[in-house]
Amino acid sequence: MMSSYFVRRVKSGIPGFDELIEGGFPEGTTVLLTGGTGTGKTTFAAQFIYKGADEYGEPGVFVTLEERAKDLRREMRAFGWDFERLEKEGKVAIVDGVSSTVGLPSEERFVLEDRFNMDNFLRYIYRVVKAINAKRLVIDSIPSIAFRLEEERKIREVLLKLNTILLEMGVTTILTTEAPDPAHGKISRYGIEEFIARGVVILDLQERNIELKRYLLIRKMRETRHSMKKYPFEIGPTGVVVYPSGEIY
Ligand SMILES: Nc1ncnc2c1ncn2[C@@H]1O[C@H](COP(=O)(O)OP(=O)(O)O)[C@@H](O)[C@H]1O
Ligand SMILES: [Mg+2]
């Protein structure tokens, strides 16, 4: 497949995935990663940040709003990923958006306050991105930002502002969101995430021979010729692996 014009590609760090999207995400793009709980969103997004910093020399910021930074680090060690080392080397920053909400003291360097004001939140992300000269950003997840707002319906306003800031920073971003059945209907919780996202990747589970199988679908990727097939993937000892020649019926 050939692009009609030159677009710089950002390697996902997910074996088998980049060949489905002409070599990687278009640089500076925002991708929405959507799926039900346990479909692999956090793992996929963490791999994007880890491999980006470790193998491609692109520093990354991971904003964790669903689990504490230390829990994330521990879980990711199972895949052989030593986030602590990359953090010490200044290649990765994990922003802990959870510890303060449960009233625990945090030894973290980057911590979000319990009740955060959206402008402060966005400014904080901006500062951390600049501090490590990040090229990649993950926010895990959009619904958990919405729950922290005084008025959940303000999420639309926040996402539009976030979009402007992301474009300004020029980072390649993965936003995660949750939708109960993204492959057959609403792909996002608020119905606006997909508008700010220039790409949408759906992770899902499908029953085959009384077993649940993981698959992914690239539903949208601007500036990219991509297939609309469902591709099997696995979460194994080295993280997420996609099988581009596999078939899902
Ligand atoms: N070390 C591991 N090896 C293999 N699979 C794992 C491992 N850790 C978690 N998983 C699988 O990944 C799933 C969780 O993925 P996660 O990325 O947290 O999903 P999500 O963020 O979409 O809820 C688990 O339910 C389990 O099936
Ligand atoms: Mg998750």
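Is Glu178 buried, exposed or partly exposed? Glu178 turns out to be partly exposed, with a relative accessible area of 26%, where buried means under 20% relative accessible area, exposed means over 50%, and partly exposed is what lies in between, using a 1.4 Å probe and the protein chains only.

Before I go on, this is a predicted model, in which local features need pLDDT of at least 70 and side-chain atom pairs count only at pLDDT 80 or more, while totals for chains, interfaces and linings use all residues. Residues are numbered from 1 along each chain as its sequence is written, chains are lettered from A and ligands numbered from 1 in the order in which they are written, and side-chain values use heavy atoms, with hydrogens and water left out.

Let me stay with Glu178 and turn to its partner. Lys41 forms a salt bridge with Glu178, and the closest N and O atoms are 3.5 Å apart; by salt bridge I mean a side-chain nitrogen of Lys or Arg within 4 Å of a carboxyl oxygen of Asp or Glu. This pair links distant parts of the chain, since Lys41 belongs to helix 1 while Glu178 sits in the loop between strand 7 (172-177) and helix 7 (193-196), 137 residues away. Helices (H or I, at least four residues) and strands (E, at least two) are DSSP runs numbered from the N terminus. Lys41 counts as buried because its relative accessibility is 8%. The side chain of Lys41 also reaches the backbone oxygen of Gly36 at 2.8 Å, which is a polar contact, that is, a pair of N or O atoms within 3.5 Å, where within protein one must be able to donate a hydrogen and the other to accept it, and residues adjacent in sequence count only if both atoms are side-chain atoms.

Lys41 brings us to the ligand. A polar side-chain atom of Lys41 lies 2.8 Å from an oxygen atom of ligand 1, a polar side-chain atom of Thr43 lies 2.6 Å from an oxygen atom of ligand 1, and a polar backbone atom of Gly38 is 2.7 Å from an oxygen atom of the ligand. The protein covers 61% of the 580 Å² of accessible area that ligand 1 has on its own, with areas taken from the Shrake-Rupley method and a 1.4 Å probe, and, for residues, with only the protein chains shown counting as cover.

Which residues surround ligand 1? They are Gly36, Thr37, Gly38, Thr39, Gly40, Lys41, Thr42, Thr43, Ala78, Phe79, Arg214 and Ile235, where a residue is near a molecule or strand if one of its heavy atoms lies within 4 Å of it. Helix 1, residues 41-55, gives the most to this shell, with 3 residues. By class, the shell has 3 nonpolar, 7 polar and 2 charged residues, on a scheme in which Ala, Val, Leu, Ile, Met, Phe, Trp, Tyr, Cys and Pro count as nonpolar, Asp, Glu, Lys and Arg as charged, and the others, Gly among them, as polar.

Now to the other salt bridges. Side chains of opposite charge can pair when their charged atoms come close. A search of the whole structure finds 15 salt bridges. In one of these, the side chains of Glu58 and Arg8 meet at 3.5 Å, N to O, and the pair again links distant parts of the chain, with Glu58 in the loop between helix 1 and strand 4 (60-64) and Arg8 in the segment before strand 1 (9-10), 50 residues apart. Glu58 counts as buried at 13% relative accessibility, whereas Arg8, at 40%, counts as partly exposed. Arg8, Glu27, Glu58 and Arg136 are linked in a network of salt bridges. A further salt bridge joins Lys91 and Glu89 at 2.9 Å, N to O; Lys91 is partly exposed at 32% relative accessibility, and Glu89 is partly exposed at 41%.

Finally, what about strand 4? With 5 of its 5 residues buried, strand 4 is largely enclosed by the rest of the structure. In a regular strand the side chains alternate between the two faces of the sheet. In strand 4 both faces are covered, with Gly60, Phe62 and Thr64 buried on one side and Val61 and Val63 buried on the other. Strand 4 runs parallel to strand 5 (residues 92-96), joined by 5 bridges, and two strands pair if DSSP finds at least two bridges between them. Gly60 has Val92 as its bridge partner in strand 5. Strand 4 also pairs with strand 6 (residues 136-140) in the parallel sense over 5 bridges, and there the bridge partner of Thr64 is Asp140.
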